[in-house]
Amino acid sequence: MTVPNYRKQIKAVFFDIDETLFVKNKVHFPESGRLAIQKLHANGILVGIATGRARCSFPAKINEMVVQEGIHTFVTTNGQFAVHNEEVIEKHPIPTEKVQRLVNFFDLHHIAYAFVSNDKIRVSEMTPMLKHALDPITTDYQVDKTYYQQNDVYQVLAFYAEDKDELVAQAHILDDLKTVRWHENSVDIFDAEGSKARGIEAIARHLGFSMENVMAFGDGLNDLEMLSAVGVGVAMGNGHDTLKAVANHVTDHIEQDGIYNFLVKSGLIE
């Protein structure tokens, strides 16, 4: 399929991290991704990160790239926290009473959980299921069951398999909240109105352009709103089939230089 030239339309490009910029299980950041970012910057296009991760849990290789390439725009915890040039543009913590409701239910059913703020992750306990899901993301977490009582929590991670989805749904603990499964053993829980799209829109509004001027790359179910809302949504070749169905374009696999190849085809870089 022919890709239009988007050079005049696009003012900002946002990238998901895991399986879009970064191959998590291989701890690998393809060099073509760095080159693409360098060329976008050279062409005056803003580069942002839009991820389900908190800022404190970025992979070391992505943190190094962020510093080296001068990236200052971040939409984290699935859009609950948006920052540009170290200024917080928008934030949406989960109200404490809603977190309390989750805690009561998960404790009753012996389900481990984690509180995610912008700069810390605290967990209810150390369990094999929790470690299996969370350790490939970060091992920088500690046990603190009361963390939510004195700190903003932007996302709760609950560690249960799909066989408990119905139990959780029927308990009505997710009223005004939503879940996105990101691992066989874990879901993200955050504000029902929240998404990466909302965070990107806040930054676009702050900088004076519209979502039509944004291109975004993603691979997972938490990228659905983002790819649907921006002017040009691009699904990775290794992405979820549901995401590919809503994307404007599908590019190559992350390990086949999918980002770089599409940016060249779309006229954003040479």
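Me: In what sense do strand 9 and strand 11 pair, and over how many bridges?
Reply: Strand 9 and strand 11 pair in the antiparallel sense, over three bridges. Two strands count as paired if DSSP finds at least two bridges between them; strands are DSSP runs (E, at least two residues) and helices likewise (H or I, at least four), numbered from the N terminus. This is a predicted model, in which local features need pLDDT of at least 70 and side-chain atom pairs count only at pLDDT 80 or more, while totals for chains, interfaces and linings use all residues. Residues are numbered from 1 along each chain as its sequence is written, and side-chain values use heavy atoms, with hydrogens and water left out.

Me: What is the bridge partner of valine 156 in strand 11?
Reply: The partner of valine 156 is isoleucine 189.

Me: And the order of the six strands in that open sheet? Which are the edge strands?
Reply: The order is 8-7-6-9-11-10, with mixed pairing. Strand 8 (142–143) and strand 10 are the edges, each pairing on one side only.

Me: Which helix packs on the sheet there?
Reply: Helix 3 does, touching strand 6, strand 9, strand 10 and strand 11 (contact means heavy atoms within 4.5 Å). Its direction makes about 160 degrees with that of strand 6; axes are lines fitted to C-alpha atoms, for helices over the stretch in contact, and angles run from 0 to 180 degrees between N-to-C directions.

Me: Changing topic: what is the strand order in the open sheet of eight?
Reply: The order is 5-4-3-2-1-12-13-14, again with mixed pairing.

Me: How do strand 13 and strand 14 pair?
Reply: Strand 13 (residues 232–235) and strand 14 are parallel, over two bridges. Valine 234 stands opposite histidine 249 in strand 14.

Me: Which residues touch the most other members of the largest nonpolar core?
Reply: Of its 34 residues, these are Phe15, Met215, Phe217 and Leu263. Such a core is a set of buried Ala, Val, Leu, Ile, Met, Phe, Trp, Tyr and Cys residues joined through side-chain atoms within 4.5 Å. Helix 9 contributes the most, with four residues.

How values were computed: Buried < 20%, exposed > 50% of the residue type's maximum accessible area, 1.4 Å probe, protein only.
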